[in-house]
Amino acid sequence: MARIDVYHELLGIPPQEQPPNYYRLLGVALFEQDSAVIANAFRRQSGFVRGVALKHPIESQKLLNELALAKLGLLDPKRRGKYDQQLRDELAGRAKRPPASDLIELNPHPAPASSLGISPPAVEPPRTGIQPAAIQDYEESPSDDLSSRSWGLPEAADDLPKRSAHQEWVVGSAAGVDVRVVAPWVSRRHCKIRRAGPDYTIEDLRSLNGTYVNGVPVTQTVQVLADDIVTLGRKTRIPWPLPEDCRQVELSIFSIGRSPDNDYVINDSSVSQHHAQLVMQGRRVELHDLDSTNGTRIGRIDNRIRRCELEPHVSVFFGSTKVFADHLIKLMKEKRNANR
């Protein structure tokens, strides 16, 4: 198969603007400062690229890596400051970009990035049969500020404690695994996640219901990126990326949606088949929207969230259906106690 100009064909970036800077790659204004705009742009661009991954698997995987690199560079203030200065110097000193070939291979370093101290992710052989991701374009509400960082990658900063270079975690339902997920369809030792330097891989441990990355069954060890979706079986999405310190963590997951296989079934056409889930760790309960079509909202119909801590006194809207949080939390605790 002939190589394509993926910048131009997939993202609309003409050859004379290649290789693109981070802002152009994400499709935001030059020197955009709003982190929410940058994060939304990354989700939009990466969602579209995943949607065409079946047609161009190798090029799409490389482009996803570049988009992740751009997001990391622009969301960290120190890195962005250094990058912006270099970009300003380049724009001031060069009247015209050198022409690029109509048929190019992706440059692993969107220009300019040489002095950022950011190493691009290693590109593994592509996963076959990647499922198109749902693409949603919306503004994040102020409630997104409530989103917990406990399961997110830490912000890049020079004073953060250093991580060890190699780690691994076993995920399953058995007592004593590193990350215990209390659910009847999760095998005792379901999958293993490894970290080597900046790269993560996942391996299914011959689980009964399978491990999936972006809807694709894991049949061998595969690389996972920060924006990938990891599920145990078809519906139980685990919080990803894993935190640095997650040994002996126990999670209870309570699924919500229109499909009969959910823990809490809502028979309403505005509710997606697998709409959202509650994740309980200790006494803390988080509500995660699962890329539903009509969204999950807290307190009022215009307060759309992707992920936040759930307090018992609030109401939750799944599509247009209103449910009280304390009722859901009560049912979840009953289910957790029954599964132990």
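Two strands count as paired if DSSP finds at least two bridges between them. Strands are DSSP runs of E with at least two residues, numbered from the N terminus. The model is predicted: local features need pLDDT of at least 70, side-chain atom pairs count only at pLDDT 80 or more, and totals for chains, interfaces and linings use all residues. Residue numbers start from 1 along each chain as its sequence is written, and side-chain values use heavy atoms, without hydrogens and water.

**View 1. Strand β14 meets β17.** Strand β14 covers residues 296-298 and is joined to β17 by 3 bridges. The two run antiparallel. Threonine 296 faces phenylalanine 318 of β17 across this pairing.

**View 2. The β17-β18 hairpin.** Strand β18 (residues 321-324) runs antiparallel to β17, with 4 bridges between them. Phenylalanine 317 has lysine 322 in β18 as its bridge partner. The hairpin leaves 2 residues between the strands. In the turn, glycine 319 has a positive phi of about 65°.

**View 3. The two faces of β17.** In a regular strand, side chains alternate between the two sheet faces. Strand β17 spans residues 315-318. Ser315 and Phe317 point one way, Val316 and Phe318 the other. All are buried (under 20% relative accessible area, 1.4 Å probe, protein chains only).

**View 4. An open sheet of 4 strands.** The strand order is β6-β5-β8-β9, with antiparallel pairing. The edges are β6 (216-217) and β9 (236-237), each pairing on one side only.

**View 5. Strand β8 beside β9.** Strand β8 (residues 230-232) runs antiparallel to β9, and 2 bridges join them. Leucine 232 lies opposite threonine 236 in β9.

Terms used
Buried means under 20% relative accessible area, exposed over 50%, partly exposed in between (1.4 Å probe, protein chains only).
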